[in-house]
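Open the model in your viewer and keep the selection tool ready. Here is a short tour, stop by stop.

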Amino acid sequence: MRPQLLRRQLLAAPHRLGFLAGAALLLLCFIWWGATLLARWQGAVLPSAVVPMFLHGYSMTYNFFPLFMLGFIYTAGPRWLGVASPKWQRYAPIMLGYALGCILVISSAINTYLLVLGTLLQTVAWLAALAVWLRAIQLSQVGDKLHAKVIATAFALGAIGLLLALYWSLTQDTAAWSWSIQLGLWGLLLPVFITVSHRMIPFFSSNALQPYTAWRPQWLLYTLLGCSFVKMILLGLAMNTLLVDAAMAGLLLYTSWRWCLLKSFKVRLLAMLHAAFAWAGVALLLSAISSAMQLAGGTGLGFAPLHALSLGFFCTMLLGFVTRVTLGHSGRPLLAGGVAWVCYWTLHGVALARVLGELIPSWQNALYALAAVAACVALLLWSREYAPLYWQARADGQAG
């Protein structure tokens with residue numbers, strides 16, 4: 001394909017560049033961390049200028065999810081607001097700048113100066129991305145801007161998290177790193193995933209399942225977001241989160257049931273969203289159990305709740321939504337093929353292995369290594385199948 005045609009196709013809609021860059025960074029982060037875990041399993045340690053656990057926590061929070069978010073919200077968000085999608089001249093420099101920052105952050109394993117430059121680029125790009133989204137909200141004349149404004153608020157909290165990460169990169173202040181991660185998880189990622197799920201899952205379900213009554217009350221969204229914010233503050237202050245964990249777990253599990261999890265398996269692509277959402281309730285239930293154990297003087301469940309949330313909810317939901325958007329906006333039928341279906345459930349297995357590794361210490365290293373290899377294989381296979389769609393013309397001949 002000629003470079004000019006390739007560029008035109010890649011910039012035909014915001015999701016194309018955002019998803020492609022996000023997929024590349026997702027693979028890079030998982031391959032790096034997979035190599036680290038495999039080396040640890042063999043009793044070796046890969047050389048790193050930055051503490052690997054700190055770099056891992058930051059990378060898995062900020063290094064690929066934001067690019068997918070921008071690709072989605074700049075494509076679907078304008079439809080919510082009744083405004084035009086941003087021109088490529090506005091979003092492409094933001095996405096490319098953020099992606100370059102991500103690459104530099106990963107490369108900081110060999111040079112700490114790259115961490116400073118990478119987090120600086122990410123922060124500047126993210127602030128510009130927030131400005132573009134705020135402008136879209138300002139221009140909108142629709143009456144219901146709730147979901148758009150919530151996402152803008154989450155993006156703003158993510159910007160604060162990135163500023164703290166920049167400070168960490170300059171000073172090596174671990175408290176700044178910790179607050180950055182908490183803001184990223186409970187201020188940015190969970191609110192965005194919850195908000196998009198609240199808006200889209202009942203809508204998609206009502207279109208695919210009959211009879212079906214869409215249920216998405218505003219109080220549900222407000223309550224979950226409020227709980228997420230309270231949990232973020234409590235974690236930042238090193239306080240026990242049992243009450244908020246229990247409340248969120250109960251509400252999330254009830255929501256999964258109310259949205260008809262079992263019924264969704266009549267349609268594969270829809271089941272991918274519902275099954276991913278179920279992990280949110282499981283993750284908060286594990287967190288509640290862990291908090292209760294700590295109150296009783298125990299050690300808790302380690303990173304099991306965190307990985308149930310990050311791998312179980314965020315990553316499987318990401319694959320489900322990205323697959324759906326990619327198919328729909330490439331003019332192809334909304335049908336989850338064998339590759340997407342197998343890769344999707346492999347990621348569920350990865351999440352389960354990572355959780356079990358915390359619960360069964362004697363199996364930990366083997367389960368971690370298995371999870372690392374399985375995740376990389378699944379993501380490579382998915383990318384091989386779907387990444388080319390981002391630089392190819394739509395199958396139906398339409399623009400976008």
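Buried means under 20% relative accessible area, exposed means over 50%, and partly exposed lies in between (1.4 Å probe, protein chains only). This is a predicted model, where local features need pLDDT of at least 70, side-chain atom pairs count only at pLDDT 80 or more, and totals for chains, interfaces and linings use all residues. Residues are numbered from 1 along each chain as its sequence is written, and side-chain values use heavy atoms, with hydrogens and water left out.

**Stop 1: aromatic rings.** Rings of Phe, Tyr and Trp (its six-membered ring) pair if their centres lie within 6.5 Å; planes under 30 degrees apart are stacked, over 60 edge-to-face, the rest tilted. The structure holds 30 such aromatic pairs. Select Phe277 and Phe313: the centres are 5.9 Å apart and the planes stand at 90°, so this pair is edge-to-face. Phe277 sits in helix H11 (residues 268-295) and Phe313 in helix H12 (residues 304-328), 36 residues apart. Helices are DSSP runs of H or I, at least four residues, numbered from the N terminus. Is Phe313 buried or exposed? Phe313 is buried, at 0% relative accessibility. Phe277 is buried too, at 2%.

**Stop 2: a second pair.** Now pick Tyr344 and Trp345, edge-to-face at 5.1 Å centre to centre and 80° between planes. Tyr344 is buried at 0%, whereas Trp345 is partly exposed at 32%.

**Stop 3: charges over rings.** Such a charge has NZ of Lys or CZ of Arg within 6 Å of the ring centre and within 35 degrees of the ring normal. Select Arg324: it lies over the face of Phe204, 3.7 Å from the ring centre. Finish at Arg354, over the face of Tyr368 at 3.9 Å from the ring centre.

Technical notes: Helix = DSSP H or I, 4+ residues; strand = E, 2+ residues; numbered from the N terminus.
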